[in-house]
Amino acid sequence: DWSSDVCSSDLILIYVTCFMIFSGLSIIMTSKLDPRKTFSVGIALIFGLSVDFLPALYSNFPKILQPIFSSSLVLATVLAIVLNQSLSWVTRTGTRQ
């Protein structure tokens, strides 16, 4: 019966997804997080989840930015990299003065 095959593949997908999420969170929690890293990870996670929960929020962005705002993984990754780099630059320039 094909419905049992679909159900078992869905369960495997859910298991793998949960395993990846918990593995990623355990890596994040075992590293020393300063406020800059905590802010970068938290904001990226919130914005990434908002793509899935509130897709209409990003529907009015320009067409050139739509590939970034159409995927939660892409948005969270880009935002985490940008925040990490910009906040580390602010931290470096703030300590020089």
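Which residues does S50 touch, not counting residues up to four places away in sequence? S50 touches P55 and Y58, where contact means heavy atoms within 4.5 Å.

## Basis of the model

This is a predicted model, in which local features need pLDDT of at least 70 and side-chain atom pairs count only at pLDDT 80 or more, while totals for chains, interfaces and linings use all residues. Residues are numbered from 1 along each chain as its sequence is written, and side-chain values use heavy atoms, with hydrogens and water left out.

## The chain as a whole

The chain has four helices and zero strands; its elements run α-α-α-α from the N terminus on. Helices (H or I, at least four residues) and strands (E, at least two) are DSSP runs, numbered from the N terminus.

Of the 97 residues in the chain, 11% are buried. Buried means under 20% relative accessible area, exposed means over 50%, and partly exposed lies in between (1.4 Å probe, protein chains only). Among the contacts with a separation of 6 or more, 53% are between residues 24 or more positions apart.

## S50 and its polar contact

S50 is part of helix α2, residues 35–53. This serine counts as buried because its relative accessibility is 13%. The side chains of S50 and Y58 are joined by a polar contact of 2.5 Å. A polar contact is a pair of N or O atoms within 3.5 Å; within protein, one must be able to donate a hydrogen and the other to accept it, and residues adjacent in sequence count only if both atoms are side-chain atoms.

## Aromatic pairs

A pair of aromatic rings is described by the distance of the centres and the angle of the planes. Rings of Phe, Tyr and Trp (its six-membered ring) pair if their centres lie within 6.5 Å; planes under 30 degrees apart count as stacked, over 60 as edge-to-face and the rest as tilted. By this rule there are four aromatic pairs. One of them is the stacked pair of Y15 and F19, with 6.4 Å centre to centre and 25 degrees between the planes. Y15 and F19 are separated by about one helical turn because they are four residues apart in helix α1. Both Y15 and F19 are exposed.

The pair of Y58 and F61 is tilted, because the ring centres are 5.8 Å apart and the planes stand at 35 degrees. Y58 is buried, at 5% relative accessibility, whereas F61 is partly exposed, at 32%. Y58, F61 and F69 form one aromatic cluster.
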